[in-house]
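Okay, thanks for coming, everyone. Let me put the model up and we'll walk through a few spots in it.

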Amino acid sequence: MEKYIINGGNKLVGETSVLGAKNSVLPILAATVIGNNRSTILNIPNLRDVEIMEEILISLGCIVERVGNTIMVDSRTLNQIVIPEDLVREMRSSIILMGSMLSRTKEVVITYPGGCEIGPRPIDLHLKALRHMGAEIEESYGQLYCRTEGLMAADIQLDYPSVGATENIILAAVTAKGVTVIRNAAREPEIIDLQNYLNKSGARVSGAGTSVITIEGVKTFKDVTHTIIPDRIVAGTLMVTSAITGGDIILKNVIVDHLLSIIAKLRETGTQIYANENTIKVSGPKKLNSIEMLQTLPYPGFPTDMQAQMMALLSIAGGTSIICETVFENRYKHAEELTRMGANIKIFGRVAVVNGVKELTGAKVTAKDLRGGAALTLAGLASKGATEISQIFHIERGYENLHIILQNLGADIEKTN
Ligand code: UD1
């Protein structure tokens, strides 16, 4: 199994560009089945999760062609309704195909996705909303059999602004009869990107980015070309890289508006940030300050997908920081690994108390999940001595060639077997 070997201590300096957001690509690729049309999607990162979605689309009968960072999907040839179980197990977010397949074929069979590395990932909100819209969903031996005579628009009040549930409802509603309203919808930028893609293809979606989204069902779609927004979590991770190594990194192709909560918290640590149109410059301070409270929340709050990286940073800040993870209940597996590197972190349920130490020391650690693995990589860059990170396939689910990007910024990091 592949590993990262990192010799810490280098300040990371230089310029790099941010590719498209994984969490935008996945729902948009799922949406390509709806229109019985051709979609050309640009700025796609090269990641295993994207590959899995491509494999699913091919298994459904779509023609999928990838050239560099562009994927073309022709969904006119779609002729299957069963999503292969092994692919759903490998990527939980394939559940968004429920909405898009019900929209297109009125029928879909998909494996119940179950939990994942960051804790239980229920889909009760997805199922409740789709049933409300007229889908019959039977659960049997871990399979979900979903069918409908025709989806009907509905007024849906979400109990929680779930990103996946909001996307699933939008995808189901674009061909439903009437006008669907989602209240307490997720407001993440990736939902706006999905709206923009859908509307270019002829759908009528409005309000994405606010907590009330309205979808008017339509019958026909046209061919569409769409460019994915930059990945705000990859950008945030590289911002923390600069902060944790006392470096100077310029990030190009970012949307500064999507990074405001990350910028605010990094500034509290003493990190200097200059933002200008689509570019951001991040200069790490000589000495990092602790943060009184870092609470993860749905957008525009601080993203749960940046919590682990911030924990790595705060573990070498002067003083005590409190982190409260309100989005996923079991998202602290990286804390134990950081402790192996000398961090002083105590977990009390959803709260982590991080007492900053003078320095971290290299150790053999394991990436337990995607963002936790990224956090260990950053910790390794700032540590004294060598760090070996195993199970880096988790990291590669969300970061394309992270080790090469870091090498180009001056890091001593190698990928080995
Ligand atoms: C998406 C992102 C993920 C990010 C998360 C929160 C993708 C592919 N993934 O995941 O990177 O960490 O948003 O920003 O976009 N919940 C329920 N019932 C449901 C659905 C969700 O209780 O039916 C709960 C979850 O257990 C979790 C919370 O709601 O505690 C947030 O989940 P959700 O917003 O749905 O996250 P995902 O869409 O799975």
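So, a nonpolar core here is a set of buried Ala, Val, Leu, Ile, Met, Phe, Trp, Tyr and Cys residues joined through side-chain atoms within 4.5 Å. Buried means under 20% relative accessible area, with a 1.4 Å probe and protein chains only. Quick housekeeping: this is a predicted model, where local features need pLDDT of at least 70 and side-chain atom pairs count only at pLDDT 80 or more, while totals for chains, interfaces and linings use all residues. Residues are numbered from 1 along each chain as its sequence is written, and side-chain values use heavy atoms, leaving out hydrogens and water.

The largest one has 72 residues, and I170 and L198 have the most contacts inside it. What does I170 touch, leaving aside neighbours within four places in sequence? Taking contact as heavy atoms within 4.5 Å, I170 meets I182, I191, L194, L198, V205, I213 and I215. Apart from that core there's another, of 66 residues, with L251, A312, A375 and L376 among them. As a rule, in soluble globular proteins, nonpolar side chains tend to be buried together.

Nine of the 11 residues in α6 are buried, including E167, N168 and I170.

N168 is touched by M98, a residue of helix α4 (97-105). M98 is buried, at 0% relative accessible area, and its other contacts beyond four places in sequence include V108, L127 and L130. M98 and L130 sit 32 residues apart in sequence but 8.8 Å apart in space, C-alpha to C-alpha. E167, meanwhile, is touched by E190, which lies in helix α7 (189-200). E190 is buried too, at 5%, and also touches A21, N23, S24, I229 and R232.

Last stop, the second largest pocket. I244, T245, K286, I316 and A382 lie nearest its centre, out of 21 lining residues. Both α8 (232-245) and α12 (370-382) give two or more residues to that lining, and α8 gives the most, with three.

Terms used
Buried < 20%, exposed > 50% of the residue type's maximum accessible area, 1.4 Å probe, protein only. Helix = DSSP H or I, 4+ residues; strand = E, 2+ residues; numbered from the N terminus. 1 Å grid on protein atoms, 1.4 Å probe; cavity = no way out; pocket = protein on both sides within 12 Å on 5 of 7 lines; lining within 4 Å.
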